[in-house]
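Biologist: I have a new model to read, and I would like to go through it with you. Could you show it first?

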Amino acid sequence: MSDAELTVTVDGPVATVVIRNPARRNAMTPAMWRQLPVLLDGLEADPAVRVLVLTGAGGTFCAGADLGDLDELLAAGDGSIAVAAEERLAAFGRPTVAAIEGACVGGGCQLAVACDLRLAAADARFGVPPARLGLVYPAPTTRRLAGLVGPSAAKHLLFTGELVDAERALRIGLVDEVLPADALADRVAALTTAIAERSRLTVTAAKEIVDGRADADRLAWWHAQVRDSGEAREGVSAINERRAPRFGWTPPAAR
């Protein structure tokens, strides 16, 4: 039985997916790439899950993709199972947080960038190594990276394949916060708790709008949800009454 797998735990509103492949510094195998969309489908169908955390086991996030079957990788191009997993993660209907320690390289960086937020331990290292391998980074992945850090920083990462430390990653916008390693878990817990307590209507709409997935009809639908749900009235009442809000909106079935 392989030790390479993705494991899932759900603690209240927070689901955590852990990348495990101790023999390869948590490199993603083909089976793991295929497993991720299936896990995400199941978690998205669970109405109790409000936030997703993606992390790695044993102090390492993910050292990349298993390149054992190079011919399959070359034949797939942008249609690879890694790109499919990345796209499914990016489209996940709840907020996603990457909690990063140690190596976050190649396929690991690909997954981290597909998350909404990235929190890193001070020992984290980031790299995008296709130029060291003679590969073309997938177009969706390249565009997502450039959209996050800007064209110049993306080109530096892609042209050189160099590893950058957590502080540089923070400066270029690759991560949102850098914490001491022993403070990362507590900060992730505090952040996910805060998100889970906020209006799910607001959070879900914000993710769609920021990601450019809400057309004019969808925006009109969201504003109708605000009018009809009573969510805003509850939020204002909670502020006036100096109490925690009791938000009740839940997303309808996938359109």
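This is a predicted model: local features need pLDDT of at least 70, side-chain atom pairs count only at pLDDT 80 or more; totals for chains, interfaces and linings use all residues.

Biologist: In what order do the six strands of the open sheet run?

Modeller: The sheet is open, and its pairing is mixed. Its edge strands are strand 1 (5-11) and strand 9 (177-179), and each of these pairs on one side only. Neighbouring strands are turned against each other by 20 degrees on average, direction ignored. The order is 1-2-3-4-6-9.

Biologist: Which helix packs on the sheet, touching strand 2, strand 3, strand 4, strand 6 and strand 9?

Modeller: The helix covers residues 184-197. Its direction makes about 160 degrees with that of strand 6. The name is helix 9.

Biologist: In which sense do strand 4 and strand 6 pair?

Modeller: Strand 4 spans residues 96-100 and strand 6 spans residues 117-121. Ile-100 stands opposite Ala-120 in strand 6. Four bridges join the two strands, and the sense is parallel.

Biologist: How many bridges join strand 1 and strand 2?

Modeller: These strands pair in the antiparallel sense.

Biologist: Which residue in the turn of the hairpin has a positive phi?

Modeller: The hairpin is formed by strand 1 and strand 2, with two residues between them. The phi in question is about 65 degrees. The residue is Gly-12.

Biologist: What is the relative accessibility of Cys-62?

Modeller: Two of the cysteines can be looked at here. Cys-109 counts as buried, at 2%. Cys-62 counts as buried too, and its value is 0%.

Biologist: What kind of aromatic pair do Trp-221 and Trp-222 form?

Modeller: The ring centres are 4.9 Å apart. The planes make 75 degrees, and the cut-off for this kind is over 60. So the pair is edge-to-face.

Biologist: Why is the pair of Trp-222 and Trp-249 called tilted?

Modeller: Their ring centres are 5.6 Å apart. Stacked planes are under 30 degrees apart, edge-to-face planes over 60, and the rest are tilted. The planes of this pair are at 50 degrees, so the pair is tilted.

Biologist: How many residues apart are Trp-222 and Trp-249?

Modeller: Trp-222 is in helix 11 (residues 216-229). Trp-249 is in the segment after helix 12 (231-240). Both are buried. The pair links distant parts of the chain, and the separation is 27 residues.

Biologist: Which residue has its charged end over the ring of Trp-221?

Modeller: Trp-221 is partly exposed, with a relative accessible area of 27%. Ring pairs link Trp-221 with Trp-222 and Trp-249 into a cluster. The charged end sits 4.4 Å from the centre of the Trp-221 ring, and it belongs to Arg-218.

Notes
Residues are numbered from 1 along each chain as its sequence is written. Side-chain values use heavy atoms; hydrogens and water are left out. Buried means under 20% relative accessible area, exposed over 50%, partly exposed in between (1.4 Å probe, protein chains only). Two strands pair if DSSP finds at least two bridges between them. Axes are lines fitted to C-alpha atoms, for helices over the stretch in contact, and angles run from 0 to 180 degrees between N-to-C directions. Contact means heavy atoms within 4.5 Å. Rings of Phe, Tyr and Trp (its six-membered ring) pair if their centres lie within 6.5 Å; planes under 30 degrees apart count as stacked, over 60 as edge-to-face and the rest as tilted. A charge sits over a ring if NZ of Lys or CZ of Arg is within 6 Å of the ring centre and within 35 degrees of the ring normal.
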